[in-house]
Amino acid sequence: MTHKRPVLVATEADDVTADMVITELNRRSVPVVRFNPADIGEALTVSARFGTCPASVVGQIRTPSRTTGLADVRAVYWRRPIWPEFRHLNPDDARFAAAQVRYGLGGTLYALDGPLWVNHPLRNAAADYKPAQLALAQRLGLTVPPTLVTNDPGEAREFITAHRRVIYKTLRWTPYERDGVPMTGWAEPVTANEVDDSVRVAPHLFQARVDKIADVRALVVGRRVFAIRIDSGLLDWRKDYSRHSYTVIDLPNRMVSALLAYLDHLGLVSGSFDLALDRAGHYWWLELNPNGQWGWLEEQTGLGMSAAFADLLTRGDNP
């Protein structure tokens with residue numbers, strides 16, 4: 001029966017945001033199978049058969065507390081799963097085993113054509129390239145700050161000189177440590193004098209600074225849009241959450257339509273957009289996080305974000 005079809009929730013062990021959605025699913029009496037790929041082994045088993053019956057794939061996923069048939073899955077909430085590293089094995093064996101899990105467990109899940117994915121990991125990955133994001137935003141009529149991606153120091157200096165107030169942003173967040181201390185790449189001001197030949201090592205993203213008065217985080221869940229204005233006085237609001245004040249706002253209809261079209265183009269059903277609001281009341285598009293955090297925003301504003309996710313996953317159909 002439909003109400004017995006489970007939702008798979010793939011995420012790490014400690015994920016408060018996933019817990020919020022699971023709580024909402026429990027209120028709807030929707031069964032949930034939660035797992036983390038890193039638990040492969042006694043705590044996670046997958047079995048799949050191909051070419052043995054009319055269905056293209058049949059099998060099961062088993063955890064210590066749940067078992068579900070692959071054909072019964074109504075939706076997959078792909079949150080923050082961690083793939084195993086097999087650190088107890090030698091490096092060659094560890095790489096081999098990790099690849100088998102990613103392409104065995106992952107490939108089996110990707111073979112399912114019935115469930116709704118929020119979001120499909122392959123589409124998340126394809127949507128995570130900032131240069132492609134910028135180009136798509138402009139094609140959809142969104143206002144994008146002048147941006148340069150280059151590993152040419154001369155080009156970088158010329159761009160900074162032309163636009164005067166410029167920031168540097170990482171092209172992708174990556175785990176990084178310096179002298180054993182975890183580091184995070186914030187958006188930071190940069191001058192032409194700071195650019196040296198080390199820029200040649202890899203592409204860098206330089207962007208003209210928006211004269212903003214506030215930031216806006218817009219979370220899209222299916223066709224629902226939750227927009228929150230964040231006042232912090234910071235260039236990068238992620239640096240200090242204690243300085244934030246939050247206001248629920250309504251985006252202009254044209255902006256809402258553009259954000260929905262953006263996700264439709266990428267085949268995503270959810271995403272977190274970062275926008276900047278300038279002194280003239282104009283919105284600037286900054287970036288998309290296809291699997292961004294939102295739990296703290298629900299706590300701060302009372303918006304029903306987790307309920308919206310639960311509604312989407314319960315329906316199990318593409319909105």
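**Salt bridges, cores and rings**

Q: Hi! How far apart are N and O where the side chains of Arg200 and Asp197 meet?
A: The gap is 3.7 Å from N to O, and the two side chains form a salt bridge. The term stands for a side-chain nitrogen of Lys or Arg within 4 Å of a carboxyl oxygen of Asp or Glu.

Q: What should I know about the model and the numbering?
A: This is a predicted model, where local features need pLDDT of at least 70 and side-chain atom pairs count only at pLDDT 80 or more, while totals for chains, interfaces and linings use all residues. Residues are numbered from 1 along each chain as its sequence is written, and side-chain values use heavy atoms, with hydrogens and water left out.

Q: Back to that pair: is Asp197 buried or exposed?
A: Asp197 counts as exposed, at 51% relative accessibility, and Arg200 is partly exposed at 48%. The cut-offs are under 20% relative accessible area for buried, over 50% for exposed and partly exposed in between, with a 1.4 Å probe and protein chains only.

Q: How many salt bridges does the structure hold?
A: There are 18. One of them joins Asp15 to Arg79, with the closest N and O atoms 3.0 Å apart.

Q: Where do Asp15 and Arg79 sit?
A: They come from distant parts of the chain, 64 residues apart. Asp15 is in the loop between strand 1 and helix 1, and Arg79 is in the loop between strand 6 and helix 2 (91-110). Helices (H or I, at least four residues) and strands (E, at least two) are DSSP runs, numbered from the N terminus. Asp15 is buried, at 4% relative accessible area, and Arg79 is buried too, at 2%.

Q: Which residues are linked in a salt-bridge network?
A: Glu24, Arg27, Arg28 and Asp311 are. Within that group, Arg28 and Glu24 meet at 2.9 Å, N to O. Arg28 is partly exposed at 29%, whereas Glu24 is buried at 12%.

Q: Changing topic, which members of the largest nonpolar core touch the most others?
A: Leu25, Tyr77, Val118, Trp294, Met305, Phe309 and Leu313 do, in a core of 31 residues. Helix 8 gives the most to this core, with six residues. A nonpolar core here is a set of buried Ala, Val, Leu, Ile, Met, Phe, Trp, Tyr and Cys residues joined through side-chain atoms within 4.5 Å.

Q: What is Trp294 in contact with?
A: Leaving aside neighbours within four places in sequence, Trp294 contacts Thr17, Met20, Val21, Tyr77, Leu219, Met305, Ser306 and Phe309. Contact means heavy atoms within 4.5 Å.

Q: Now the rings: how many aromatic pairs turn up in the whole structure?
A: Nine. In one of them, Trp78 and Trp83 have ring centres 6.2 Å apart and planes at 45°, so the pair is tilted. Rings of Phe, Tyr and Trp (its six-membered ring) pair if their centres lie within 6.5 Å; planes under 30 degrees apart count as stacked, over 60 as edge-to-face and the rest as tilted.

Q: And what are the values for Trp78 with Trp117?
A: That pair is tilted as well, at 5.9 Å centre to centre and 50° between the planes. Trp78 lies in strand 6 and Trp117 in strand 7, so the pair ties together parts 39 residues apart in sequence. Trp78 is buried at 6% relative accessibility, and Trp117 is buried at 9%.

Q: Which residues do ring pairs link into a cluster?
A: The cluster is Trp78, Trp83, Tyr110 and Trp117.
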